Amino acid sequence: MDSNIENNNKKPILEAINLSKRYEDNALALDNVSFTIHPGEIFAMLGGNGAGKTTTINLFLNLIEPTSGDCKIDGVSCVSKPLEAKKKVAYVSENVMLYPDFTAMQNLDFFIKLGGRMNLSKDEYKSVLKRVGLQEDAFNKKLKGFSKGMRQKCGIAISILKDAPAILLDEPTSGLDPKAGAEFVNLLKELKKEGKAILMSTHDIFRAKDVADTIGIMNKGQLVMKKKQSEIHNEDLEQLYIKYMAGYMENAA
Amino acid sequence: MFKVMLKKEILQIISSNKFAISFAVCSILILLTFFVGANSYLLSRDQYEAAVQENIRGMDGITDWRMINHRIFLPPQPLAALVNGISNDIGRNINMEGMGELRAHDSKYNEDPIYAAFRFLDLNFIFQIILSLFAVLLLYNAINGEKELGTLRLTFSNSVSRSQYILSKIVGSFSAIIIPLLIPIAIGFILLPLMGVPMTSTDWISLLGIIFSGVLYFSVFLTLSIFISASTAKSSTSFLVLLIVWIASVIVIPRASILISGRLVDVPSVDEINSKKSHYMRQISGETLSAMGNFKPTSNNDIMREFNEFMDEINTERDEKVTKFNSQVNQERRNAQMEQEKLALNLSRVSPASSFYLISSSFAGTSMELEKNYHEQAKAYQKVFADFQREKEGMTTGGGMMFIVRKAGVEENPIDPSELPEFVFKPPSLESRINSALPDLGILFVYNFIFFLVGYVKFLKFDLR
């Protein structure tokens with residue numbers, strides 16, 4: 001059975017419902033954006049800087065409040081019940097920065113417990129750190145000596161250990177070397193198989209096409225395109241991206 | 001969740017190099033303060049006991065109580081070595097006469113001016129300067145630093161409320177910094193009796209009061225740092241703001257308040273007062289000389305005794321007049337001085353550093369009251385001493401001219417110095433120390449509450465992105 005048809009029967013994990021955000025300086029950061037992401041689905045948001053990708057993630061994390069609309073995680077509103085909603089989501093930022101004076105294990109221990117999982121053993125931490133590709137001798141080293149890729153692996157390990165149904169990834173592959181990028185894509189595929197609903201904002205068109213089930217293009221706060229991977233399977237996504245961005249600009253002009 | 005964040009906060013602070021260095025410096029300074037303070041007290045006590053003995057020895061062979069050169073001394077107090085206050089600035093020795101004005105001289109700084117230039121290391125300095133700076137250095141980036149690091153976003157991607165976060169930040173920072181510092185303080189407490197410093201229960205309670213107020217003062221800078229850190233976007237900005245506030249609070253305000261009150265309230269100088277007194281003294285001496293002309297002996301047998309009695313009467317009358325005049329001009333100066341002091345203290349209380357100084361010196365018994373207490377007790381002793389001299393010799397010293405007559409061929413017995421009434425300085429009671437410290441303790445509580453509250457409210461609106 002087609003996975004999309006299968007997903008339509010399931011309850012969505014991540015939902016953006018007519019989501020708008022206007023900042024105090026009157027700038028419209030997000031304009032009536034709606035989408036749903038089902039279990040085992042990856043939604044890649046493409047777009048330039050200031051397109052609204054990070055604003056969308058910030059709204060899901062309740063770091064800001066929407067001007068109108070709502071967003072839900074596993075049916076729980078991020079606006080009215082943010083603490084409840086955040087129990088159901090894990091987050092990996094563009095540039096994972098953990099506590100530099102803590103070891104990888106200490107960072108994991110803190111953020112995992114913060115995520116509500118109090119009784120995980122050290123062995124479980126270690127097995128996930130191994131799974132994300134962090135070398136064993138780095139487990140008990142302080143983070144201040146870690147490369148960006150190593151920190152990113154720790155961030156992903158935290159999100160895996162939180163075992164939340166939804167994962168938000170804010171430009172997770174930016175700045176990673178090709179090997180680390182490829183490892184990350186493989187990991188995403190595994191998470192997808194485990195049934196996680198993943199929202200990923202990225203500039204990386206090629207990785208998005210490789211891994212995402214749905215691709216959205218954002219420009220000036222609007223979701224100007226949203227297509228299933230099957231719809232764009234044979235298309236040149238780069239051209240499509242440029243076309244949508246240009247088309248939107250013309251319309252806007 | 002609160003416990004998890006609290007643990008992280010403590011671990012984050014104590015695992016940083018900044019903390020390791022600051023803690024090592026503070027521990028060494030605290031231990032050094034107790035060690036040097038105890039040594040200094042023991043040395044001062046030996047010097048005091050030697051001076052008292054020397055005073056008694058100086059009476060050897062003297063046969064007339066009017067001939068003695070009697071001095072009283074301010075005994076060293078154990079806590080004064082730990083919180084100097086004004087104890088090193090005021091004169092410790094007073095030449096005792098049965099009449100006349102008492103002047104204390106030979107302050108510690110007067111004896112060793114090098115100490116006046118660089119001052120002693122004491123708990124006041126440690127808390128007022130070092131620990132407050134320690135709080136600023138460790139916590140200037142408590143909130144905005146986490147935002148810059150990116151950990152704030154990651155933390156708030158979890159089910160964490162802002163209230164829990166800021167409370168854990170404040171409680172965690174406080175525990176992480178203060179609890180380790182209680183270790184060298186506790187060692188210092190043990191060091192005192194081990195080194196032979198005789199601490200009374202009042203001393204122990206007062207010392208605890210000093211440490212408690214030090215912690216409260218430290219906490220003002222802790223909550224202030226968190227408040228400033230939650231009010232500024234960049235840690236470099238909060239550092240600059242805190243440094244300015246620290247300099248203003250610890251250095252500028254206490255000094256500026258004295259300058260301002262000096263401008264606003266005019267206090268006649270000591271020279272002016274002395275000149276007035278000398279002028280009156282000259283006037284009254286003329287009257288005394290004229291009165292001396294009225295001396296008419298009733299017999300030729302005991303003319304000097306009659307003269308001394310006559311002079312004692314004149315001297316007593318003159319002393320009453322001089323004392324009255326001097327008291328009046330002194331009181332006028334003291335009133336102006338008190339008004340100036342009151343204004344200066346009230347202005348300086350804008351700074352928590354001044355409040356802490358006032359609390360710790362009150363608890364240590366080295367506040368500005370020390371000089372007044374010593375003078376009042378010396379004055380009371382002067383009366384006892386004058387009565388003693390009168391009882392022994394029929395007249396007292398210090399009034400002016402007097403003749404001591406020795407009868408030829410009559411061997412007089414030497415005086416017994418153990419008969420001399422002893423001057424016992426009574427340090428302020430615990431109750432009066434607490435009462436003096438209470439208003440400033442209240443001020444530190446208010447500062448803590450205000451900074452905690454505004455820091456808390458600021459963080460509720462803090463941009464977490």
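This briefing covers two interfaces: one between chain A and chain B, and one between two domains of chain A. The model is predicted. Chain A is divided into domain 1 (3-88 + 165-252) and domain 2 (96-163).

**Chain A with chain B**

- The contact draws on 30 residues from chain A and 26 residues from chain B.
- About 2500 Å² is buried between chain A and chain B, and carbon and sulfur atoms give 63% of that area.
- On the chain A side, A:Leu63, A:Tyr99 and A:Leu114 lose the most area to chain B, together 27% of what that side buries.
- Between chain A and chain B there are zero salt bridges, but nine residue pairs are in polar contact.
- Four elements of chain A, namely α2 (53-60), α3 (82-86), β6 (89-92) and α4 (104-114), each supply at least two residues to the side that touches chain B.
- Of the chain A elements, α4(A) gives the most to this side, with six residues.
- Sorted by class, the side of chain A that touches chain B has 17 nonpolar, four polar and nine charged residues.

**Domain 1 with domain 2 in chain A**

- Here 14 residues come from domain 1 of chain A and ten residues from domain 2 of chain A.
- The two domains of chain A bury about 1000 Å² between them, with 53% of it on carbon and sulfur atoms.
- Four salt bridges cross this domain interface.
- A:Asp163 and A:Lys196 meet through their side chains in a salt bridge (2.7 Å, N to O).
- Six residue pairs are in polar contact across the domain interface.
- Helix α7 (residues 178-193) of chain A provides the largest share of the domain 1 side, five residues.
- That domain 1 side has six nonpolar, two polar and six charged residues.

Key. Residues numbered from 1 in each chain as written. Chains lettered and ligands numbered in written order. Predicted model: local features only at pLDDT ≥ 70, side-chain atom pairs only at ≥ 80, totals over all residues. Heavy atoms only, no water. Contact = heavy atoms within 4.5 Å. Buried area = accessible area lost by both parts, 1.4 Å probe. Polar contact = N/O pair within 3.5 Å; in protein donor to acceptor, adjacent residues only side chain to side chain. Nonpolar A, V, L, I, M, F, W, Y, C, P; charged D, E, K, R; others polar. Domains from an automatic or database assignment.
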